[in-house]
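I opened this notebook to record what I looked up on charged side-chain pairs and their surroundings.

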Amino acid sequence: AQKIISEAKMHLGVPYLWGGTTPKGFDCSGYVQSVFAKNGITLPRTTTEQYKIGTYVSKSKLQPGDLVFLQNTYREGISHVGIYIGDGKMIHASSSKGVVISDLSSSYYLDHY
C-alpha cells in the first residue's frame, strides 16, 4: 500500500485530462490504473469496470491503498475513483484541480461517497 501511495503522490499537480492515462494528464480512472500498473497490479480502464471487480469495504474499514468510489458526480451511477491514503483522505485526479489530496469528510465527498 505504501508503494502505491508513494507512486500516487509523485503525480500531485498533474493536470486533469479527459481520457488521460499518462503524467501529461490523467482522468480519475486513468490515474488509478496507471498508479497501480507501476506497482504490478492490472486494473480495468474505466471507473465502472474498476468498481465491478472490487470487493466492497465499508467507509469505516478503509485501508491505505483501497479504492474510493463516488457516485452521481457528473453523471448517474459510479462516476469517480480515487485512492485512500489514510486519515480520511484520498488522492485522485479531480476534474477541476488535477491530481490532489481531498478530505472525504468534506460535504461534497460525503454527498457522493
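Is lysine 89 buried, partly exposed or exposed? I looked this up in what is a predicted model, and lysine 89 is partly exposed, with a relative accessible area of 30%.

I next asked for the partner of this residue. Lysine 89 forms a salt bridge with aspartate 103, and the closest N and O atoms are 3.6 Å apart. I noted that the pair links distant parts of the chain, since lysine 89 lies in strand 5 (residues 89-94) and aspartate 103 in strand 6 (residues 98-103), 14 residues apart. Aspartate 103 is partly exposed as well, at a relative accessible area of 32%.

I then turned to the two strands themselves. Strand 5 and strand 6 run antiparallel and are joined by six bridges. They form a hairpin, with three residues between them. I also found serine 94 opposite glycine 98 of strand 6.

How many salt bridges does the count give? I recorded two. One of them joins the side chains of arginine 45 and aspartate 27, at 2.9 Å from N to O. Arginine 45 sits in the loop between helix 2 (28-37) and helix 3 (47-53), and aspartate 27 in the loop between strand 2 (25-26) and helix 2, so this pair ties together parts that are 18 residues apart in sequence.

Last, I checked the accessibility of this pair. Aspartate 27 is buried, because its relative accessible area of 9% falls under 20%. Arginine 45 is partly exposed, with a value of 24%.

How values were computed. Residues numbered from 1 in each chain as written. Predicted model: local features only at pLDDT ≥ 70, side-chain atom pairs only at ≥ 80, totals over all residues. Heavy atoms only, no water. Salt bridge = Lys/Arg side-chain N within 4 Å of Asp/Glu carboxyl O. Helix = DSSP H or I, 4+ residues; strand = E, 2+ residues; numbered from the N terminus. Buried < 20%, exposed > 50% of the residue type's maximum accessible area, 1.4 Å probe, protein only. Pairing = 2+ DSSP bridges.
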